[in-house]
Amino acid sequence: MYLGHRRFLKKYNLYRRLKKAFNGYQEHDICPTPLSGVEIYEKIKNVNVTFGKMKKKQTVSEIWKKRSIFFYLPYWRKFVVRHCINVMQVEKNVCDSLIGTLLNIKGKKG
């Protein structure tokens, strides 16, 4: 179970040495270096995004099947940790948009 995932643990973690609970081997591999935002963007910039059900199975297995809309933001690929979103900013934008729509405020509609 979880073969290869123990390499993401610290080098001297107890679970890296466990044999019986996993595949009978100790884990000696090191974790791969994470891709930068620019490297990820270079890999996904030509991904063709189609919505709905696929009619035929794709013969070529691709790692990425769709591109995040966040990559359209000019600063997104420069983030070191892209999965951390500023929740307060998102909350403010949603709240502003909702209130602008409900109160019919010009320029504040979503």
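From the N terminus on, the elements run α-α-α. That comes to 3 helices and 0 strands. Helices here are DSSP runs of H or I with at least four residues, strands are runs of E with at least two, and numbering starts at the N terminus.

A word on the source. This is a predicted model, where local features need pLDDT of at least 70, side-chain atom pairs count only at pLDDT 80 or more, and totals for chains, interfaces and linings use all residues. Residues are numbered from 1 along each chain as its sequence is written, and side-chain values use heavy atoms, with hydrogens and water left out.

Now the overall picture. The protein has 110 residues, and 11% of them count as buried. Buried means under 20% relative accessible area, exposed means over 50%, and partly exposed lies in between, with a 1.4 Å probe and protein chains only. The accessible surface is about 10600 Å². Carbon and sulfur atoms hold 61% of that surface. These areas come from the Shrake-Rupley method with a 1.4 Å probe, and for residues only the protein chains shown count as cover.

Next, contacts, meaning heavy atoms within 4.5 Å. Take those with a separation of 6 or more: 21% of them join residues 24 or more positions apart.

On to helix H3. It covers residues 87–102, 16 residues in total. From first C-alpha to last it reaches 22 Å, close to the 22 Å expected at 1.5 Å a residue. The expected span is 1.5 Å times one less than the number of residues. After H3 comes asparagine 104, with a positive phi near 55°.

How many salt bridges does a search of the whole structure find? It finds 2. The criterion is a side-chain nitrogen of Lys or Arg within 4 Å of a carboxyl oxygen of Asp or Glu. In general, side chains of opposite charge can pair when their charged atoms come close.

Aspartate 96 and lysine 92 meet at 2.8 Å, N to O. They are 4 residues apart in helix H3, so about one helical turn separates them. Aspartate 96 is partly exposed at 25%. Lysine 92 is partly exposed too, at 43%.

The other pairs lysine 45 with glutamate 42, closest N and O atoms 3.0 Å apart. Lysine 45 is partly exposed at 34%, and glutamate 42 at 45%.

Last, leucine 35. Its place is the loop between helix H1 (14–17) and helix H2 (37–44). Leucine 35 is partly exposed, at 36%. Valine 80 is 45 residues from leucine 35 in sequence, yet 9.3 Å away in space, C-alpha to C-alpha.
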